[in-house]
Amino acid sequence: MQDFIDKIVKTLNTNGFPDKKVSLPTEKMYEAADNRGLSFNKVMDQMKNDLQIESEIGPEKIIFTKVEPVQDFSQMGSDDMMKKAQEMMASMDPAELKKAQEALMNMSDDEREELMKKGREMGLI
């Protein structure tokens, strides 16, 4: 299985991964795994667990993305948090940024107030 995973990762890297999301044809990926006697779903699980590579399987293509590690912000100062938030926003593609803005706009007044309260407590506002 590891040889197959290595081949997938090499293909992804050739196409700009992990800086970019990369897609590969769904049917061909399942066939390639099957030809090696492997379960493609198990291959994807191992890639997620071992390499933090997430996959979104669609009917035509599989989109691979690198999972960002969850960071513990509790030990950061407010300047560090602002810098990290700006970095995260800068690295979002326009669709992700729009989705985050829409989520904020769809919050109830109480949810927005709670978010503002947390921001104040953390010294961000």
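Me: Just after helix 2, which glycine takes a positive phi, and what is the angle?
Reply: The model is a predicted one, and the angle is computed from it. In general, most residues other than glycine have a negative phi. The residue just after helix 2 that takes a positive phi is Gly37, with an angle of about 75°.

Me: Which residue has a positive phi although it is not a glycine?
Reply: The residue sits in the loop between helix 3 and strand 2, and its relative accessible area of 35% makes it partly exposed. Its phi is positive, at about 55°, and the residue is Gln52.

Me: Which residues of helix 2 are buried, and what arc do they fall within?
Reply: Helix 2 covers residues 26-35, and its buried residues are Thr26, Met29, Ala32 and Ala33. Seen down the axis of helix 2, these buried residues line one face of the helix, because they fall within an arc of 135°.

Me: Which residues are exposed on the other side of helix 2, and what covers its buried residues?
Reply: The cover over the buried residues of helix 2 includes helix 1, strand 1, helix 3, strand 2 and strand 3. On the other side of helix 2, the exposed residues are Glu27, Lys28, Asp34 and Asn35.

Me: Which residues of helix 1 are buried, and why can they be said to lie on the same side?
Reply: An α-helix has 3.6 residues a turn, so residues three or four places apart point the same way. The buried residues of helix 1 are Phe4, Ile5, Ile8, Val9 and Leu12. They are on the same side of helix 1 because they cover an arc of only 135° around the axis.

Me: What do the buried residues of helix 1 pack against, and which residues on the other side are exposed?
Reply: The buried residues of helix 1 pack against strand 1, helix 2, helix 3, strand 2 and strand 3. On the other side of helix 1, the exposed residues are Asp3, Lys7, Lys10 and Thr14.

Me: Which peptide bond is cis, and what is its omega near?
Reply: In general, most peptide bonds are trans. The cis bond runs from Phe17 to Pro18, and Pro18 has its place in the loop between helix 1 and strand 1. The omega of this bond is near 5°.

Me: In what sense do strand 2 and strand 3 pair, and which residue is the bridge partner of Glu54?
Reply: Strand 2 and strand 3 form a hairpin with three residues between them. They pair over five bridges, and the sense is antiparallel. In strand 3, the bridge partner of Glu54 is Thr65.

Me: Is Val67 buried, exposed or partly exposed, and which residues does it contact beyond its neighbours within four places in sequence?
Reply: Val67 lies in the loop between strand 3 and helix 4. A residue counts as buried under 20% relative accessible area and as exposed over 50%, so Val67, at 31%, is partly exposed. Leaving aside its neighbours within four places in sequence, Val67 is in contact with Gln52, Ile53 and Glu54.

Technical notes:
Residues numbered from 1 in each chain as written. Predicted model: local features only at pLDDT ≥ 70, side-chain atom pairs only at ≥ 80, totals over all residues. Heavy atoms only, no water. Buried < 20%, exposed > 50% of the residue type's maximum accessible area, 1.4 Å probe, protein only. Helix = DSSP H or I, 4+ residues; strand = E, 2+ residues; numbered from the N terminus. Arc of directions from axis to C-beta. Contact = heavy atoms within 4.5 Å. Pairing = 2+ DSSP bridges.
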